[in-house]
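Visitor: I am new to this structure and would like to go through it step by step. Could we begin once it is displayed?

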Amino acid sequence: GLRRELMPEHVAVIMDGNRRWARMRGLPSGSGYEAGIRAFRVLVELCCKWGIRVLTVFAFSSDNWVRPKMEVDFLMNLFEKGIKAELDNFMREDIKVSIIGDPSKLPTSLQRLIARVEKNTKHNTGLHLVVAVNYSGKYDIVQACQSIAQKVKDGLIEPEEINESSIEQELETNCAEYPYPDLLIRTSGELRVSNFFLWQLAYTELFFSKSHWPDFGEADFVEALVSFQQRQRRYGGYK
Ligand SMILES: CC(C)CCOP(=O)(O)OP(=O)(O)O
Ligand SMILES: [Mg+2]
């Protein structure tokens, strides 16, 4: 069974397999995405219940823009609808919401809603929910490099002063008290990171589930957490 004292502080999830879930049922992709939102809500609830401190979900990758316009538009509308529907719940459950990724390509209505939900929940002290939208690991490292280069150019720091924490402070996960996921879960059987977190996954335990994201429920989450609690994390140490 699960031991509360061995719970991960920060869980990250690649919510993959929504379209395959729909296709298997002869449903359109949109139905898969809608089923995915429902599974997302269940996971948020479980993280609140079990005292997980940070939950990061990969909701839309910078590489997803190549999908059919109809699907991208559907997803953007779904994010907007989903955030609006959850606003009261975020306050009731004391959830702090941060959105990471490049907002500039998102619809302006969604950009405004993101600013609003981050502002409204800024002082909440429960689960910190980080939603990656138009995010990628490489985008994050590039923008961090740009910020550091600007500081060098402005004479604020010398190149030789740059160290791991200089980078960590500039990555978009600097919004989280626990920036490094202890556990990464990826659903639908794919065994790859797909340009999600790169720097942040240095010592993250990886768990792959064959379930498509819409089918990932409490039992699947318990299975991932039990596997995590059985791991011996050495961080490169112990000969
Ligand atoms: C946008 C993202 C959360 C959707 C993940 O599911 P997916 O559309 O990649 O579904 P498939 O892997 O089945 O194509
Ligand atoms: Mg996929």
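Visitor: How far is an oxygen atom of ligand 1 from an N or O atom in the side chain of Asp16?

Guide: That distance is 2.8 Å. Please note that this is a predicted model, in which local features need pLDDT of at least 70, side-chain atom pairs count only at pLDDT 80 or more, and totals for chains, interfaces and linings use all residues. Residues are numbered from 1 along each chain as its sequence is written, chains are lettered from A and ligands numbered from 1 in the order in which they are written, and side-chain values use heavy atoms, with hydrogens and water left out.

Visitor: And how far is a polar side-chain atom of Arg20 from an oxygen atom of ligand 1?

Guide: For Arg20 the distance is 2.7 Å. The side chain of Arg67 also has an N or O atom 2.6 Å from an oxygen atom of ligand 1.

Visitor: How much of ligand 1 does the protein bury?

Guide: The protein buries 90% of the 390 Å² that ligand 1 exposes when taken alone. Such accessible areas come from the Shrake-Rupley method with a 1.4 Å probe; for residues, only the protein chains shown count as cover.

Visitor: Which element gives the largest share of the shell around ligand 1?

Guide: Helix H1 does, with three residues. The elements that give two or more residues are H1 (18-24) and strand S2 (54-61). Helices (H or I, at least four residues) and strands (E, at least two) are DSSP runs, numbered from the N terminus.

Visitor: Let us change topic. Where does Asp182 lie?

Guide: Asp182 is in the loop between helix H6 (164-170) and strand S5 (183-186). Its side chain makes a polar contact with that of Arg233, at 3.1 Å. A polar contact is a pair of N or O atoms within 3.5 Å; within protein, one must be able to donate a hydrogen and the other to accept it, and residues adjacent in sequence count only if both atoms are side-chain atoms.

Visitor: Why does Asp182 count as buried?

Guide: Asp182 counts as buried because its relative accessibility is 12%. Buried means under 20% relative accessible area, exposed over 50%, and partly exposed in between (1.4 Å probe, protein chains only).

Visitor: What about Glu205, buried or exposed?

Guide: Glu205 is buried, with a relative accessible area of 16%. This residue is in strand S6 (residues 205-208), and its side chain makes a polar contact of 2.9 Å with the side chain of Arg231.
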